[in-house]
Amino acid sequence: MAFLQYLISGISLGSIYAIIALGYTMVYGIAKMLNFAHGDVIMVGGYISFCTTSYLDLPGWVSVVFAVVVCTVLGVVIEGLAYRPLRQAGSLAVLITAIGVSYLLQNAAQLIWGATPKNFTSLINFQVPEFLGRLNVSGVMLVTVCACVVIMLGLTWFTSQTKMGKAMRACSEDRGAAQLMGINVNRTISMTFAIGSALAAIAGVLLCSYSPVLQPTTGSMPGIKAFTAAVFGGIGSIPGAFLGGVLLGIIEAMARAYLSSNLANSIVFVVLILVLLIRPAGLLGKYVPEKV
Amino acid sequence: MKKRNLAALVTAGAMCLGLLAGCGGQAENTPAGTNSDPAGETSSAGTAGGTFKVGFIGPLTGPNASYGNSASQGAQIAVNEINALGGAIQFELRVQDDVSDAETAVNAYNSLMDWGMQALVGPVTTGPAVSVAAETYNDRVFAVTPSASSLDVIDGKDNYFQICFTDPNQGISAATYLSESLPDATVAVIYNNGDAYSTGIYEAFAQEYERLGGQIVYTGTFTDDSQTDFSVQLTAAQNAGADLIFAPIYYTPASVILTQGAAMGYDFTLFGCDGMDGILGVEGFDTALAEGMLLLTPFSADLEENATFVDAYETAYGSTPDQFAADGYDCVYALYTALQEAGCTADMSAEDICEALIPVMTQIEVDGMTGLLSWAATGEVTKDFDVYVVENGAYVVA
């Protein structure tokens with residue numbers, strides 16, 4: 001029974017990683033860049049939600065909408081100001097800029113909200129009745145897992161069925177050719193950032209509902225773990241990010257329960273190294289040979 | 001080219017903000033001090049007098065900010081009181097932020113030394129205190145820490161004294177309380193095994209509790225990197241049948257334990273030590289979650305004998321002082337009493353003051369906010385402790 005309980009903890013933690021990883025993977029797949037500021041957009045989402053519920057006394061769902069709107073705008077602005085001017089620059093320049101943006105957001109949050117941690121009151125308070133004997137499933141866990149599955153399915157549908165989604169896939173395959181076919185590449189990439197940041201806002205609210213300490217560095221560690229999850233599942237692949245995130249959460253929970261809570265993080269990264277040694281493109285990633 | 005400029009601008013902007021944020025962390029609540037002291041001119045060697053430069057180091061920002069802010073504000077209240085007496089001894093307090101980081105604390109110490117510090121209050125947390133204590137020992141600077149409770153802080157250093165209990169002392173006191181007052185409790189422990197404070201209390205507690213015939217049904221650990229998720233540890237404690245969790249940890253992870261425990265529907269009593277103090281003040285924390293929580297602390301703002309200090313603190317800072325504020329207050333009074341006893345003058349060097357105060361410390365008694373304090377030559381304090389329970393958002397003697 002304890003094993004099942006750990007599994008549930010792992011899946012719900014993994015679902016949060018998966019939602020963050022979906023944002024990473026979308027941006028990487030289409031813009032071919034690692035947006036290291038993604039974790040900090042999560043933190044901004046958490047703070048916005050905290051402020052709307054605590055200072056403005058608005059209901060929880062309004063704060064989620066608010067957080068999504070603010071983060072979407074933030075994502076598009078970051079892309080437009082920091083990344084778009086570097087479209088033709090080398091990937092290293094973009095990577096360093098992303099790290100710069102990450103620090104900018106963390107320090108801005110420290111200036112605005114201070115470095116003292118705030119306690120985020122969970123937006124999801126209902127209790128799931130006990131089932132299968134003594135299994136505890138909290139409302140947050142249930143909502144997180146459902147949200148994660150819905151988002152994954154929604155994104156899969158969006159990229160395969162809609163016009164914008166098809167444009168995104170075209171940009172991902174060959175940006176030059178896509179432009180020749182009349183696709184507005186800049187708008188498509190902006191759209192990707194908008195979606196990724198909206199997901200980050202949702203992830204931020206869920207993360208803080210699950211683990212209530214909100215401070216300027218809240219997004220850093222989950223951001224790194226989710227990046228790992230995206231690579232684990234195969235970066236650029238939407239089902240891969242989902243699978244990677246959930247597996248990572250389960251491995252972490254199991255390692256903490258049965259091996260050592262101190263080594264849990266190390267074990268996660270050891271598993272990543274092993275997977276990459278055997279499947280360099282990740283679990284569901286496609287190996288694309290570089291054409292010279 | 002224009003696009004490049006824009007990118008450069010953004011990067012430069014990021015750097016500037018980083019710098020600004022860094023500056024925001026510095027405390028600037030002392031006017032620029034000069035070396036001249038009006039009282040010092042009249043005093044002769046042998047009678048205490050003059051304006052002493054006292055440094056304070058503690059976390060004013062970051063996850064342990066509550067400790068540093070409380071302790072520095074408590075110390076400031078004591079300084080104001082002493083200065084208002086108009087006696088021969090006057091204090092000038094300068095506060096530095098260490099973000100509870102050892103390296104930052106040593107930098108803060110060096111900048112206080114450049115300022116001309118004659119005695120130190122702090123650091124507030126154990127990690128920084130261990131590093132700074134070694135520096136003060138080498139430089140021969142007298143220091144009292146309000147709350148760094150590890151034995152490593154005072155070990156082998158004759159110039160360093162504690163206002164708080166040592167970690168082993170707290171662990172033993174907690175074990176005694178549990179086996180005497182709550183013999184029916186099924187006890188689990190969750191502690192931070194990457195932290196000297198938490199590990200120190202845990203080891204003494206486990207040894208003493210088992211010696212007294214108690215049994216710990218589950219021991220969970222975590223580190224600073226994993227203090228945001230306790231679902232696994234809480235599940236294990238629940239499966240082991242624990243109804244009381246002894247958690248000798250700081251208040252930030254404790255707030256996570258309470259929140260996640262409530263979300264799981266797990267009903268337990270949390271029992272913490274002095275690091276738990278401050279949890280009721282975390283912004284956004286639902287104090288109903290802490291209802292019934294036990295903590296070991298030597299100070300309560302509700303006791304009548306502490307009313308003058310509590311009123312002064314509330315008027316100045318708009319919040320109720322916690323144990324750390326009381327510790328900070330007691331630090332300044334310990335220093336004041338010792339300086340008086342030793343007959344130090346403000347024109348003495350930090351080294352001379354240090355040598356004069358060390359023999360005096362074991363002889364004085366200070367009736368402070370946290371009890372009647374006296375010290376051993378090792379730097380350990382002797383005073384009473386009480387277990388409090390949280391009722392309606394306030395501490396009540398259990």
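Modeller: Let's begin with burial: a residue is buried if 20 or more other C-beta atoms, placed from the backbone, lie within 10 Å of its own, exposed if 12 or fewer, and partly exposed in between. This is a predicted model, in which local features need pLDDT of at least 70, side-chain atom pairs count only at pLDDT 80 or more, and totals for chains, interfaces and linings use all residues. Residues are numbered from 1 along each chain as its sequence is written, with chains lettered from A and ligands numbered from 1 in the order in which they are written.

Helices (H or I, at least four residues) and strands (E, at least two) are DSSP runs, numbered from the N terminus. Helix 8 of chain A, residues 185–210, spans 37 Å from first to last C-alpha over 26 residues, close to the expected 38 Å; that expectation is 1.5 Å times one less than the number of residues. Of those 26 residues in helix 8 of chain A, 21 are buried.

Take two residues as being in contact if their C-beta atoms, placed from the backbone, lie within 7 Å. Of the contacts in chain B with a separation of 6 or more, 70% join residues 24 or more positions apart.

An automatic or database assignment supplies the domain bounds: domain 1 of chain B covers 39–165 + 306–382, and domain 2 covers 167–297. Where they touch, domain 1 of chain B contributes 18 residues and domain 2 of chain B contributes 15. On the domain 1 side, helices 3 (65–85), 5 (126–139), 6 (151–154) and 12 (323–342) of chain B each supply at least two residues, and helix 3 of chain B gives the most, with 3. That side holds 6 nonpolar, 10 polar and 2 charged residues, counting Ala, Val, Leu, Ile, Met, Phe, Trp, Tyr, Cys and Pro as nonpolar, Asp, Glu, Lys and Arg as charged, and the others, Gly among them, as polar.

In helix 12 of chain B, 17 of the 20 residues are buried, and B:Gly343, with a positive phi near 65 degrees, follows the helix.

Now the partner. The contact between the chains takes 44 residues from chain A and 42 from chain B. Several elements of chain A give two or more residues to its side, including helix 1, helix 2 (38–54) and helix 4 (91–113). Helix 4 of chain A makes the largest share, 9 residues.

The model scores ipTM 0.78 and pTM 0.76. By pLDDT, the predictor's confidence in each residue from 0 to 100, chain B averages 84, and 88% of the residues score at least 70. Residues 13–46 of chain B fall below 50, although this stretch has 51 contacts in the model beyond near neighbours in sequence.
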